[in-house]
Amino acid sequence: LPLLLKATLLRLASGSYRPFYNGFYYNHIMNDNGDGQDKVDYFSGTKLVVETSKDPVYSYNGANVTLPCHYHYEPDMAPKRKIRIKWSKLRDDYTKEQDVMVAIGKTYVAFGDFKGRAHIRQASRHEASLVISDVRLKDDGKYRCEVIDGLEDESDVVDLRLQGIVFPYQPPRGQYRLNFHEAEQVCQEQGAILANFNQLFQAWSEGLDWCNAGWLADGTVQYPIRLPRKPCGGVHLAPGIRSYGPRHRHLHRFDAFCFSSALKGEVFYLDSLAGMTLEEAKQSCQDAGAEIARVGQLYSAWKF
């Protein structure tokens, strides 16, 4: 084995060994210090370029959306093998990616919640766009389009934003009763999800002013203030999103900021001169072929 290893190394050193060639060219250069240390490998031949939309792509709950992605070569050339396309959903802090789909040619596999809802659109040459049907609230976020050709691997990011509304939610039993996991649950019960920071910031810019602190999807606790006042952090602080930072998800208790998108149905009002109890209201809605509205649905009806 040592003799075989030595022979192999000699063959590599002599240049008789030819590495795998994939149609791309690289030059190996040295640094400027003259110390023989490598500085960088740079690309000097055909370049793979991946491009997505620079502007956010907007959609809403229940809709179909296309996230554009195209690739090309500089100078232009046709790929010599089947291209591998991979789509991933990014976390806000870019620490972890959720696999969405992988495609090679016309064969593709979708993962997790995207099974049956996602496919690659290749309507034109060098297109790798992602189509998501029946968009869900948690689909909101950044997506990476990655194109792999042999040893070449390039990517770009597109931002999918759902049109919706952020609303503060306080449980019937009173203020600051929810830990993080309970906040997630009550938002789901209202046909919503915990809002992320971008959604809360957008709501603040549209006029949301709320003094009670609430959980966000990343485990932080924040609240939006348009008019500074003494009970809400003081009059000397500027308007904006006030943050308590990350809190303990089990021990600490606050309210929740929920995010909901457009309704698939509509909210309508049933009148009764004598008034109705909750159970009577539920029954009246059922008699009308509907169900009693939830908080998130009422906010969505007001917004949209």
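Ile120 stands opposite Leu130 in strand 11. Strands here are DSSP runs of E with at least two residues, helices are runs of H or I with at least four, and both are numbered from the N terminus. This is a predicted model, where local features need pLDDT of at least 70, side-chain atom pairs count only at pLDDT 80 or more, and totals for chains, interfaces and linings use all residues. Residues are numbered from 1 along each chain as its sequence is written, and side-chain values use heavy atoms, with hydrogens and water left out.

The open sheet has 3 strands in the order 5-11-10. Strand 5 (65–67) and strand 10 (118–121) are the edges with a single partner strand each, so one side of each has no neighbour in the sheet.

## A hairpin

Strand 8 (residues 97–104) and strand 9 (residues 107–110) run antiparallel, joined by 4 bridges. Ala103 has Tyr108 as its bridge partner in strand 9. With 2 residues between the strands of this hairpin, Gly105 takes a positive phi near 65°.

## Who lines the pocket?

Which residues lie nearest the centre of the largest pocket? They are Lys89, Arg91, Asp92, Lys138 and Ala217, out of 27 lining residues. By class, that lining has 8 nonpolar, 5 polar and 14 charged residues, with Asp, Glu, Lys and Arg counted as charged, Ala, Val, Leu, Ile, Met, Phe, Trp, Tyr, Cys and Pro as nonpolar, and the others, Gly among them, as polar.

A pocket is an open set of points on a 1 Å grid over the protein atoms alone, where a 1.4 Å probe fits, with protein on both sides within 12 Å along at least five of seven lines; lining residues have an atom within 4 Å of a point.

Conventions
Two strands pair if DSSP finds at least two bridges between them.
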